[in-house]
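Welcome! Have a look at the sequence and the structure shown here, and keep them in view while you read the notes below.

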There are 2 protein chains.
Amino acid sequence: MKSHQITIKDIAKILGISVSTVSRALKNHPDISETTKSQVNELAKKLKYEPNALALNLRRNKTNTIGVIIPEIVHHFFSSVISGIEDVAYDQGYNVVVCQSNESYEREVINAQALLSNRVDGVLISVSKTTLDFNHFRNFTNQEIPIVFFDRICPEIMTDRVITNDEGGAFLATEHLISIGCRKIAHFSAPQNLLIGQGRLAGYLRALKQFQIPYDPNLILYCDSREAAIEKTIDFIKSNAEVDGIFAVNDSTAIAAMQMIQKMGKNVPDDIAVVGFGDGPITLIVNPQLSTVEQKGYEMGLEAIKLLLHKIENETAVDSFQTKVLTPLLIARESTDRLKKGSANV
Amino acid sequence: MKSHQITIKDIAKILGISVSTVSRALKNHPDISETTKSQVNELAKKLKYEPNALALNLRRNKTNTIGVIIPEIVHHFFSSVISGIEDVAYDQGYNVVVCQSNESYEREVINAQALLSNRVDGVLISVSKTTLDFNHFRNFTNQEIPIVFFDRICPEIMTDRVITNDEGGAFLATEHLISIGCRKIAHFSAPQNLLIGQGRLAGYLRALKQFQIPYDPNLILYCDSREAAIEKTIDFIKSNAEVDGIFAVNDSTAIAAMQMIQKMGKNVPDDIAVVGFGDGPITLIVNPQLSTVEQKGYEMGLEAIKLLLHKIENETAVDSFQTKVLTPLLIARESTDRLKKGSANV
DNA sequence: ATGAAAGCGCTAACAG
DNA sequence: CTGTTAGCGCTTTCAT
């Protein structure tokens, strides 16, 4: 049986004053006498009074809560984004509720409904891979609850967005491979129905074109996970013995590819140089350390929440939506370092 | 300007019936005629009516929300715990609000207050490293809001707890090193003011004693992070050349130690075998793959939320608190595999 | 300087 | 079968 939560009513009764006086005293309203104020505040402290956020929010029709829907919290990238979001949200007095879709459309719909029911002031969303219909997101915009999409955006809904310049990052990665002498560069790519798959392939192709390296469709392998890379790399390299560089769509694919290459007795970077995408913590742990494209999760979180809070607090603003594009940097490490002979290798 | 959120009042007005009828129709109350029910439900759907959880929660004095306070979401272990928590919470119709303390006491206090204000039905807490005073947690118990501590528990407060058997895990790790022939086993340990530091050292010592290996205090090195291991390992091994095995307090320390050992031209596992603790994803990526003690984050989340929901839904239960101890398993991989010569090594 | 009363959205006696 | 009413905790006119 839950003990009675102490309310302003209790304080009022004990002090023999009205609830409105208590309410005002608590908010330091100028009309209230110093005596009353101190009486109220002391008692409140003594009784460990905590304002009931539910009642407050109901009254104000504002929850100071922002909802986040992400695919999976266990991915380093997404947990970094959350850290960015929380850091500024807390500073501005907002709470953050994080929901995971687990890459499931159904769960995403449920998450959206829960956030809607809880009347969050705004939402930050990175769309699940399995989501093809976006009406559950439209419910937010219909209620004029602002959305900011980040990383995995929804192209159909007009809102603010924060994305990584995948094409540019992929260009940098490929350009880097070319600059160290690679001429037969493979791309381990993600499915083309995903925007990152498209963007990173496009950047790869643009770099080839710009440096007049002939494009060979055989060098594009659909392979975007550690498991896939373990399964496919060796056969791929055997059938394409001339490959001297690989740009993989993400770090774990790149690392697995690298490890399979090493298993074949080849040297990274001297025989085949490898570049990933993401710059997760594993890039530093693997040997040789992985060159990669920096995907700034924390910064993405910051930008997304800033856009959202701006929308929330300037509701009258004209409907204008911006897309922030984070341009990633190339981080060159040992897996593409063909000069320094000291780099450890199998 | 937020568009009017549609309420049961709106539905009532449109249909020319009372709000209570609408309320009852929506909950499929037996008293209501089928005609009315379908009218109400259709209109609700058409208008995209969403119940206002705030009002509901205020009324019921129950939020169906559970709060989680963790040190850092970016740690794989903690994000696994959250996944476990969420999976069962959602099944039972609870929402989860995750707060990060960032290992800061002040932030932890703020988080606790926010959860209190939002009248969560219960809390799951893993204590920040910098927390020495626990009164902010007592506010929960004072209000009879159940707490379950997990992993980093608060010894001062009587509640349910879920912990890993650190001592047992450390014993297994050390025993394993002994079983493959190690006789001079170093322990890279965490500060002894942390419970994990104590427990893992104790397990190490018990294994030595049980197998009659003399204890050498010089073989205990305070070193519990990648950075520390990079800095200290080489000197340590130089001054203790006889070391043939290392049990490190966590995986990243173990991996960094392993890499420094390799840098010295020594072989892992043949010269020095290494065992970590945690079984994060990096253990599979490093070469050789790291033997480690499995720390079951997801299971810990499951157990913690189950205990909590039980307390929440059986409020009348006698005050009895249980501590669930998860006994970790040893995962033997290449870093301790001295038989299989095929294991890749520098 | 303080109080009374209405209302945020919803539910649940109680009354027909 | 349906409506009326009170109240969850709080703020805020409007009185006094």
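This is a predicted model: local features need pLDDT of at least 70, side-chain atom pairs count only at pLDDT 80 or more; totals for chains, interfaces and linings use all residues.

**Where the two chains meet**

**Around DNA strand C**

- Two or more residues each are given to the surface near DNA strand C by helix 2 and helix 4 of chain A, and by helix 1 (8–15), helix 2 and helix 4 of chain B.
- Helix 4 of chain B has the largest share of this surface, with 4 residues.
- The surface near DNA strand C is made up of 10 nonpolar, 11 polar and 4 charged residues.

**Around DNA strand D**

- Helix 2 of chain A gives the most to the surface near DNA strand D, with 5 residues.
- By class, the surface near DNA strand D has 10 nonpolar, 11 polar and 5 charged residues.

**A parallel sheet in chain B**

- Chain B has an open sheet of 4 strands in the order 7-6-8-9, with parallel pairing.
- Strand 7 (220–222) and strand 9 (273–275) of chain B stand at the edges with a single partner strand each, so one side of each has no neighbour in the sheet.
- On average, neighbouring strands of this sheet are turned by 20 degrees against each other, direction ignored.
- Strand 6 (residues 185–189) of chain B pairs with strand 7 of chain B over 3 bridges, and His187(B) has Ile220(B) as its bridge partner in strand 7 of chain B.
- Strand 6 of chain B is also joined to strand 8 of chain B, by 4 bridges, with Ala186(B) opposite Ile246(B).
- Strand 8 of chain B is joined to strand 9 of chain B by 3 bridges, where Ile246(B) has Val274(B) as its bridge partner.

**What packs around that sheet**

- Is strand 8 of chain B covered on one face or on both faces? Both faces are covered: Gly245(B) and Phe247(B) on one side, and Ile246(B) and Ala248(B) on the other, are all buried.
- Helix 9 (residues 195–210) of chain B lies across strand 6 and strand 8 (245–248) of chain B, and runs at about 175 degrees to strand 6 of chain B.
- A right-handed β-α-β unit is made by strand 8, helix 11 (residues 251–263) and strand 9 of chain B.

**Backbone details worth a look**

- Most residues other than glycine have a negative phi, and most peptide bonds are trans.
- Asn61(B) is not a glycine, yet has a positive phi of about 55 degrees; Asn61(B) lies in the loop between helix 4 and strand 1 (65–70) of chain B.
- Asn61(B) counts as partly exposed because it has 13 C-beta neighbours inside 10 Å.
- Gln212(B), also not a glycine, has a positive phi of about 55 degrees and lies in the loop between helix 9 and strand 7 of chain B.
- Gln212(B) is exposed, because 7 other C-beta atoms lie within 10 Å.
- The peptide bond from Val268(A) to Pro269(A) is cis, with omega near 15 degrees, and Pro269(A) sits in the loop between helix 11 (251–263) and strand 9 (273–275) of chain A.
- Asn287(B) and Pro288(B) are joined by a cis peptide bond with omega about 0 degrees, and Pro288(B) sits in the loop between helix 12 (282–285) and strand 10 (292–293) of chain B.

Definitions and conventions
Residues are numbered from 1 along each chain as its sequence is written. Chains are lettered from A and ligands numbered from 1 in the order in which they are written. Two strands pair if DSSP finds at least two bridges between them. Axes are lines fitted to C-alpha atoms, for helices over the stretch in contact, and angles run from 0 to 180 degrees between N-to-C directions. Two residues are in contact if their C-beta atoms, placed from the backbone, lie within 7 Å. Ala, Val, Leu, Ile, Met, Phe, Trp, Tyr, Cys and Pro count as nonpolar, Asp, Glu, Lys and Arg as charged, and the others, Gly among them, as polar. A residue is buried if 20 or more other C-beta atoms lie within 10 Å of its own, exposed if 12 or fewer, and partly exposed in between; C-beta atoms are placed from the backbone. A crossover is right-handed if, with the strands pointing away from the viewer, the path from the first strand over the helix to the second runs clockwise.
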